[in-house]
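Biologist: Please show me the model. I would like to go through it by question and answer.

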Amino acid sequence: MNVMSSIDFLQIGHGQQSDARMVVERGVTDSQRIEPAAVHRHLFYAVYWIHEGRGIHSIDFCGYEIRPDRVFLVRPEQVHVMRPEGMMRYSAIQFTEEYAHLFTSTDTLPTVADLTDLSALQRMEVLFRQMDEENTGNRPAKMNMLQGEVFLLLTELSRSSGATRDVQPLPEVLTQYRQLIECHFSEKHQVAEYASQLGISPNYLNVLCRKHLGLSALRMIDSRIVLEIKRLLMENEKTISQIAYGLGFYELSYFSRFFRRMEGVSPAEFRERVTFSGKSQ
């Protein structure tokens with residue numbers, strides 16, 4: 001079954017082609033233009049603030065409970081779908097990378113944040129209203145204002161989730177490592193290849209990863225590869241062999257063993273049983 005059907009890689013506004021760089025919608029109750037009911041990928045950032053409703057929001061194979069005053073952040077390339085139980089009312093902001101550039105570490109942002117106090121709710125309401133007014137207006141320095149407001153929005157999400165408490169900035173070399181993995185995971189699978197680009201030893205890179213991220217350097221590469229495999233398996237547009245070769249695996253048997261070691265099932269079994277419902281959190 002092709003669960004992705006024809007809505008893979010949607011643009012802002014969820015059309016196949018769009019010139020918009022930001023969309024702000026407040027108090028949406030049923031808008032397929034903002035959030036279709038089928039699994040899809042974004043090419044942009046999206047923030048969803050739930051006002052009413054219950055259900056499950058699945059983001060990259062994890063299911064999160066939909067509930068009032070919960071805010072979700074969906075990043076570019078992530079696969080997601082919201083499955084409400086009945087009516088759901090929410091507000092949404094969709095924006096391209098250029099609006100998020102002031103926030104230099106978006107990969108550390110939470111996927112879910114709960115607005116648990118009145119002041120946080122009031123600040124969020126002000127930000128949504130200001131961004132809506134700025135985006136639909138034609139005032140001087142519009143881009144600069146919106147970039148600043150996106151920065152405040154993302155900071156508010158980070159603070160509401162507790163992600164900023166006692167968190168030390170990552171060493172620059174680890175930020176670079178993450179960026180390199182994102183750019184080259186389909187052809188570079190060895191820590192030594194990245195360490196060479198960074199000008200450090202594989203052992204030192206591994207020590208840094210374990211100290212600051214709690215993962216080995218190799219695990220970071222492997223996890224990114226597995227995530228992409230799962231995304232591609234869900235799309236159901238390529239054969240398993242095509243996925244393997246496209247991600248730099250030249251032996252299908254090794255590809256299958258690698259995936260089974262990471263996920264506990266074969267690629268074929270994962271494709272057959274995936275329902276994208278996940279476990280609620």
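Modeller: First, a definition: rings of Phe, Tyr and Trp (its six-membered ring) pair if their centres lie within 6.5 Å; planes under 30 degrees apart count as stacked, over 60 as edge-to-face and the rest as tilted. This is a predicted model, where local features need pLDDT of at least 70, side-chain atom pairs count only at pLDDT 80 or more, and totals for chains, interfaces and linings use all residues. Residues are numbered from 1 along each chain as its sequence is written, and side-chain values use heavy atoms, with hydrogens and water left out.

Biologist: How many aromatic pairs does the structure hold?

Modeller: A pair of aromatic rings is described by the distance of the centres and the angle of the planes. By the ring definition, the number of aromatic pairs is nine.

Biologist: Is the pair of Phe249 and Phe258 stacked, edge-to-face or tilted?

Modeller: Buried means under 20% relative accessible area, exposed over 50%, partly exposed in between (1.4 Å probe, protein chains only). Phe249 has 3%, so this residue is buried. Phe258 also has 3% relative accessibility, so Phe258 counts as buried. Their ring centres are 5.3 Å apart and the planes stand at 40°, so the pair is tilted.

Biologist: What is the angle between the planes of Phe259 and Phe270?

Modeller: Helices (H or I, at least four residues) and strands (E, at least two) are DSSP runs, numbered from the N terminus. Phe259 lies in helix H9 and Phe270 in helix H10 (residues 267–273), eleven residues apart. The centres are 5.7 Å apart, and the pair is edge-to-face, with an angle of 75°.

Biologist: How many bridges join strand S4 to strand S7?

Modeller: S4 covers residues 55–59 and S7 covers residues 79–84. Ile59 stands opposite His80 in S7. The two strands run antiparallel, and the bridges that join them number five.

Biologist: How far from the centre of the Phe185 ring is the charged end of Arg224?

Modeller: A charge sits over a ring if NZ of Lys or CZ of Arg is within 6 Å of the ring centre and within 35 degrees of the ring normal. The charged end of Arg224 sits over the Phe185 ring, and its distance from the centre is 4.2 Å.

How values were computed:
Pairing = 2+ DSSP bridges.
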